[in-house]
Amino acid sequence: MLEGVSSRPSRRVRRGAIGVAASLALGACVVGASGGTAQAAAGGKGALIPGGLLVSRLHYTGTARLLTAGVSVLPTGATAIADGDFAHVWDNVSVDPNFGVTAPIYLDQVSGSGRVLGSIAVPTGAPGASSRGHDQLTGSFSSKSEGALNLSTRGDAVTFMGYAVPANTIDASNGNTPGVVDPTNPDAQSVYRAVGELDENGKFSFTETNAYSGDNGRAAVLDDATGLYYTAGNSNNGSGTSVPGLISGTGAQLVTPAHKPEQAQNPGQPTPAGGFSVTELPGVTKADKLGKDTNFAGVAVYGNVLYYTKGSGSNGVDTVYFVDTTGTACPAGTGTPAAGAPLPTAADAYDAETGQPTDNMCILSGFPTGLAKSLKTPDTGASSNAADFGALWFANSTTLYVADSGNGTDTYDATTGLYTDAAAQNLAGIQKWSLVNGTWTYDYTLNTGLGLGVPYTAKGLPTGINAITGTPWTPAVDGIRNFTGTVNRNGTVTLYGVTTSIGGVSDYGADPNKLVAVTDSVSATTQPANEHYSTLETAATGDVLRGVSVAPGCTR
């Protein structure tokens, strides 16, 4: 077995074929994607296969002995009601809303047609050729908002976020960070969040941060020109917001790569890249809860502009944003980026009156502007502003795709055998937007073939009805959280997405989900009738797929 390249734990996946355009989508740089074998990179590092996809996967390694029902005390002080067995461990969320278990991260190498070519284990603390000293990074099972993969602006590295703790740590995702301690947080442990980077030579590096105390870092992208990571996430798991670094450590952050082992790092205070307040919008005079209107999900750098999405929470606006470093692009809270504006390279200034970063972020013109707290019914139509936005990807300067992870509603009808609310969604999937006369316009949502709300078999889960949730153990697709795209030579793009789920286990983020693909005509403003998703793989029970990216080194 190659050092740094693992074929274990074994992957029981179901794969399906996709069209010719999709299978050739990565063909501009195909080496291993057509069936080649991974070769050891120089220095014994994990081998990367140019032309393929990387898919981040969490593998649950807990056993029944991890917890003892009625005995084990969780970090919040609650007593566990279930042991560590995979199917039922998530029942503990009913007594501990923070409940989660960290798990090893694997970067699976997958061809454009869905063939799994190999798997690279992210270091979990043991010395090895692919890490320095005892570097470690794990993900939180079952947080579906984490694990995004983003290719750097030059295409020579892929980045993601996690926790600098061992696997099987309980409730890490809601603990404080060591440098930003909130005494009102019921989960009092201290855990650094960290950015993981895998370069084109298969080498890992990790950078710890005190940002996102009390919650999670969700995505990171490396801008090669500035040498900075731009990250997205959320903070605050307590009842207060007065702790220095709590408000400045949420939302849009910039992180300087550490270039040293984790043991030698000493992260300073968070460095916000920007902020937004609903009071920037016309007619809005009352600000939302500090920091919660920047509960960001996705991040991207395109055309030297930094973009973010928001898609959850009861504050702010669920929409697409950009950072305006000129201060002139959006005097009324919405606009388009100013030509030639630089990326932010230093921490944003603070508003002395509100205690939060200066409002230097704007809603991208044409995207929703309605306040999240005023929306009562999710996903009611194309312009409802009720989308749960995740990742975003530009096909070109006038075509933008944005993921919608679904409404998270598990209403089940035993007569039809459907999760009815999920099946009725219009926006869940990947939305397409076009720039027309300076304003972004919604075209359509790609969700045909996703099987929204239709239960699918997940081998290894119990059968029948989960007594805790009252719904079947079989999960269903609710939408897409993270995705990437490739531009084809025939005027199409192929989008590769990771689905979100409902049903199944007590915490839906633990359900085995899917990697899917769809090919779309770039010029179309009405969805062509023949466009539909195909399933490339379904995760094994005990695994979840989180992010997807083209392998670094392919696109330059």
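**Exercise 1. State which residues line the largest cavity and lie nearest its centre, and which strands supply the lining.**

Solution. Step 1: 14 residues line the largest cavity, and Lys144, Thr499, Thr500, Asn513 and Arg546 lie nearest its centre. A cavity here is a set of points, on a 1 Å grid over the protein atoms alone, where a 1.4 Å probe fits but cannot get out; lining residues have an atom within 4 Å of a point.

The model is predicted: local features need pLDDT of at least 70 and side-chain atom pairs pLDDT 80 or more, whereas totals for chains, interfaces and linings use all residues. Residues are numbered from 1 along each chain as its sequence is written, and side-chain values use heavy atoms, with hydrogens and water left out.

Step 1: β27 (475–487), β28 (492–503) and β31 (543–550) each give at least two residues to this lining. The largest share, four residues, is from β28. Strands are DSSP runs (E, at least two residues), numbered from the N terminus.

Step 2: by class, the lining has three nonpolar, six polar and five charged residues. Ala, Val, Leu, Ile, Met, Phe, Trp, Tyr, Cys and Pro count as nonpolar, Asp, Glu, Lys and Arg as charged, and the others, Gly among them, as polar.

Step 3: the largest cavity holds about 90 Å³ of space. Volume is the space filled by probe spheres set on the grid points, which are joined across faces, edges and corners. The count of cavities of 30 Å³ or more is four.

**Exercise 2. Describe the surroundings of leucine 58.**

Solution. Step 1: leucine 58 belongs to strand β2 (residues 53–59). Step 2: its relative accessibility is 4%, so leucine 58 counts as buried (buried is under 20% relative accessible area, exposed over 50%, partly exposed in between; 1.4 Å probe, protein chains only).

Step 1: leaving aside neighbours within four places in sequence, leucine 58 has contacts (heavy atoms within 4.5 Å) that include Pro104, Phe141, Val544 and Arg546. The C-alpha atoms of leucine 58 and proline 104 are 5.8 Å apart, although 46 residues separate the two along the chain.

**Exercise 3. Identify the largest nonpolar core and the residues that phenylalanine 367 touches.**

Solution. Step 1: the largest nonpolar core has 43 residues, and Tyr230, Leu306, Tyr308 and Phe367 have the most contacts inside it. Such a core is a set of buried Ala, Val, Leu, Ile, Met, Phe, Trp, Tyr and Cys residues joined through side-chain atoms within 4.5 Å.

Step 1: the elements giving two or more residues to this core include β11 (217–223), β15 (305–310) and β19 (389–396). Step 3: not counting residues up to four places away in sequence, phenylalanine 367 touches Thr319, Val320, Phe389, Leu400, Val402, Trp433 and Trp440.

**Exercise 4. Which backbone features are found at tyrosine 212, at asparagine 437, and between phenylalanine 141 and serine 142?**

Solution. Step 1: most residues other than glycine have a negative phi, and most peptide bonds are trans. Step 2: tyrosine 212 has a positive phi of about 65° and lies in the loop between β10 (204–209) and β11. At 0% relative accessibility, tyrosine 212 is buried.

Step 2: asparagine 437 has a positive phi of about 50° and sits in the loop between β23 (429–436) and β24 (439–446). Asparagine 437 is exposed, at 80% relative accessible area.

Step 3: phenylalanine 141 and serine 142 are joined by a cis peptide bond, with omega about 25°.

Notes. On a 1 Å grid over the protein atoms alone, a cavity is a set of points where a 1.4 Å probe fits but cannot get out, and a pocket is an open set with protein on both sides within 12 Å along at least five of seven lines; lining residues have an atom within 4 Å of a point.
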